[in-house]
Amino acid sequence: MKQNFTVRHGALDGVEAFLAVAQHRSFRRAAAELGVTPSAISQAVRALEARVGAVLFIRTTRSVGLTEAGERFLTRARPAFEELVAASGAARELGQKPAGLLRLTVPRSVVPILLEPLIASFCKAYPEIEVELAASEELVDLAAGGFDAGIRMGQFINPDMVAVRLTKPFPFAIVGSPDYLARRGRPRRPDDLREHTCLRLRRSNGGLAPWSLNDQGRSIELAVSGSFIGHDFPTLVGAAIEGVGLAQVPAPLVTAAVKAKKLVRVLEPFAPTTPGVFLYYPGHRQIMPKLRAFIDHVKSRPRATR
């Protein structure tokens with residue numbers, strides 16, 4: 001059965017005063033502990049009794065005792081109040097020092113080329129922070145997904161987010177294996193792509209991403225065709241290395257494969273440039289220390305400023 005956890009407005013007012021009086025059996029000593037006047041304690045307890053609908057204390061000129069209703073209230077209220085105090089302390093601790101779980105949503109392609117060295121050094125510097133990476137090509141709503149921050153290419157970040165640069169701008173490279181180019185020839189102009197097998201990317205919204213090119217300063221998009229569709233860039237790179245066709249992917253992702261001569265870049269004069277990769281997060285007025293520590297760590301890395 002679903003429980004209703006709605007707390008009536010003001011229901012917790014006076015509980016701390018009640019617990020202090022119950023502990024000391026004295027309004028005066030309770031007032032001294034809480035740093036208020038005895039009359040303020042008395043007013044708080046009377047207001048609590050009015051809301052509860054029962055008398056909680058038996059008062060005489062010499063002593064203060066609990067009624068049966070007061071005993072029952074104390075039995076339930078004391079552990080609940082202690083839990084609230086503990087919860088406040090736990091939340092305060094996370095608000096004062098870098099600790100807790102830092103959740104990041106990132107594309108698979110940036111994990112090996114960018115995040116692995118960055119995360120390794122961050123975890124060594126901040127052992128009290130747990131880092132959770134959710135690798136997905138989907139453009140996730142940070143708040144709805146419970147993420148502290150995300151990492152994406154600049155063109156995919158909403159303008160209401162705060163962005164911290166992780167890389168300099170880089171081109172999107174069109175690459176193919178030496179074996180594929182030997183069989184099918186090397187394209188010289190964008191129109192030549194119509195005669196080639198092009199590996200396509202399925203976006204998170206279900207659509208196929210067109211290929212973008214830059215023809216003498218003019219941005220053009222091509223609806224290419226081919227026999228293979230992947231859902232992320234690393235998959236397309238792997239297929240290109242195996243000679244399935246040409247792939248258009250972020251250039252840093254194929255730097256090692258090009259150097260090892262597993263892939264060859266083609267149509268380089270037509271390669272478009274992207275803004276680069278950014279860390280992004282909502283523009284809250286107060287950033288939790290765990291995220292602030294990560295942002296500062298990112299900014300201190302040479303990769304972030306080049």
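This is a predicted model: local features need pLDDT of at least 70, side-chain atom pairs count only at pLDDT 80 or more; totals for chains, interfaces and linings use all residues.

Residues are numbered from 1 along each chain as its sequence is written, and side-chain values use heavy atoms, with hydrogens and water left out.

**Aromatic rings**

- There are six aromatic pairs in the structure; rings of Phe, Tyr and Trp (its six-membered ring) pair if their centres lie within 6.5 Å, and planes under 30 degrees apart count as stacked, over 60 as edge-to-face and the rest as tilted.
- One of them is the tilted pair of Phe122 and Tyr126, at 5.0 Å centre to centre with 35° between the planes.
- Phe122 is buried at a relative accessible area of 0%, whereas Tyr126 is partly exposed at 26% (buried means under 20% relative accessible area, exposed over 50%, partly exposed in between, using a 1.4 Å probe and protein chains only).
- Phe172 and Phe233 make an edge-to-face pair, with 5.7 Å between centres and 75° between planes.
- Phe172 sits in strand 7 (residues 170-176) and Phe233 in helix 8 (residues 233-241), so this pair ties together parts that are 61 residues apart in sequence; helices (H or I, at least four residues) and strands (E, at least two) are DSSP runs, numbered from the N terminus.
- Phe172 and Phe233 are both buried.
- Phe18, Phe27, Phe57 and Phe73 form one aromatic cluster.
- Arg103 lies over the face of Phe147, at 4.3 Å from the ring centre (a charge sits over a ring if NZ of Lys or CZ of Arg is within 6 Å of the ring centre and within 35 degrees of the ring normal).

- Look for His196 in the loop between helix 7 (178-184) and strand 8 (200-201).
- His196 counts as buried because its relative accessibility is 7%.
- Apart from neighbours within four places in sequence, His196 is in contact with Tyr180, Arg184, Gly185, Pro187, Ser225 and Leu246, where contact means heavy atoms within 4.5 Å.

- In helix 3 (residues 38-52), 15 residues at 1.5 Å each should span 21 Å, and the end C-alpha atoms are 21 Å apart, which agrees; the expected span is 1.5 Å times one less than the number of residues.
- The buried residues of helix 3 are Ile41, Ser42, Val45, Leu48 and Glu49.
- Those residues cover an arc of only 125° around the axis, so they are on the same side of helix 3 (the arc is that of the directions from the helix axis to the C-beta atoms).
- In helix 8, the buried residues are Phe233, Leu236, Val237, Ala239 and Ala240.
- Seen down the axis of helix 8, its buried residues fall within an arc of 165°, so they line one face.
- The buried residues of helix 8 pack against strand 5 (149-153), strand 7, strand 8, strand 11 (229-230) and strand 12 (247-250).

**Positive phi angles**

- Arg25 is not a glycine, yet its phi is positive at about 50°; Arg25 is in the loop between helix 1 (15-24) and helix 2 (27-34).
- Gln216, also not a glycine, has a positive phi of about 55° and is exposed at 80% relative accessible area.
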